[in-house]
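Please keep the sequence and the model in view while reading.

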Amino acid sequence: MYQKPHPTAPHPGPHRAGLPRTLRRRGPVTALAAALLGVTAAGAAWSATPGAARTTAAIRTCAVSDLYLSMGGKEGAAGSLYWPVRFTNTSTTTCALRGYPGVSVLDGAHHRIGPAAGHSGRSFGTTALSPGRSATAVLRTTNGPVGGPCERTGTYLRVYPPASRTATLVPAPWKTCSGVFQTGPVNVDGAF
């Protein structure tokens, strides 16, 4: 048998029952507006977050074949010598580099002189390079035998771009002194 609802009880409609008490009292128009606002905000947040993630994730890592490596200008400061290694994207699409390159000094016969470069410890992010754009990783040693002897001068630098297992030889007369040989991360600011 059907029971007639009590005249003072709210109508237990299917859409109103799950709403908070404050919205049930305000009527169907307010409830609909609140529901649409919630769906719109959730949709905007959903589309913004994955979209940004897709953009970052869609940029591929630069391969050695995408890059031309060269040396920038040497600079001395406070007993140190700095020399940037420049990574230029020669491909037709944007690619990214993240982190530190691997760098060693080689003689003319391609034998390593001294240990490979350590890391400067600087934090880093992902550096996106559009076609024709460059970023650098700055190398550092002391400006002469300050606290220790110098290695003999090398002919090349063997450089592994970040995340690469393939190296490129860059002509560079580099001399490591005082046991100090470091590289900074790849960046567009020229920071060590």
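The paragraphs below treat the disulfides in turn.

This is a predicted model, in which local features need pLDDT of at least 70 and side-chain atom pairs count only at pLDDT 80 or more, whereas totals for chains, interfaces and linings use all residues. Residues are numbered from 1 along each chain as its sequence is written, and side-chain values use heavy atoms, with hydrogens and water left out.

A disulfide is a covalent bond between the sulfur atoms of two cysteines; the criterion applied here is a pair of cysteine sulfur atoms within 2.5 Å. The structure contains two such links. Counting bonded cysteines along the chain, their pattern is 1-2, 3-4.

Strands are DSSP runs of E with at least two residues, numbered from the N terminus. The link of C62 and C95 is right-handed, with 90° about the S-S bond. Both C62 and C95 are buried, a term for under 20% relative accessible area, with exposed meaning over 50% and partly exposed in between (1.4 Å probe, protein chains only).

The other disulfide joins C150 to C177, with an S to S distance of 1.9 Å. Because C150 lies in the loop between β9 (134-142) and β10 (156-160) and C177 in the loop between β11 (168-171) and β12 (182-183), the pair ties together parts that are 27 residues apart in sequence. The link of C150 and C177 is right-handed, with 105° about the S-S bond. C150 counts as partly exposed because its relative accessibility is 29%, whereas C177, at 2% relative accessibility, counts as buried.

Definitions and conventions. Helices (H or I, at least four residues) and strands (E, at least two) are DSSP runs, numbered from the N terminus.
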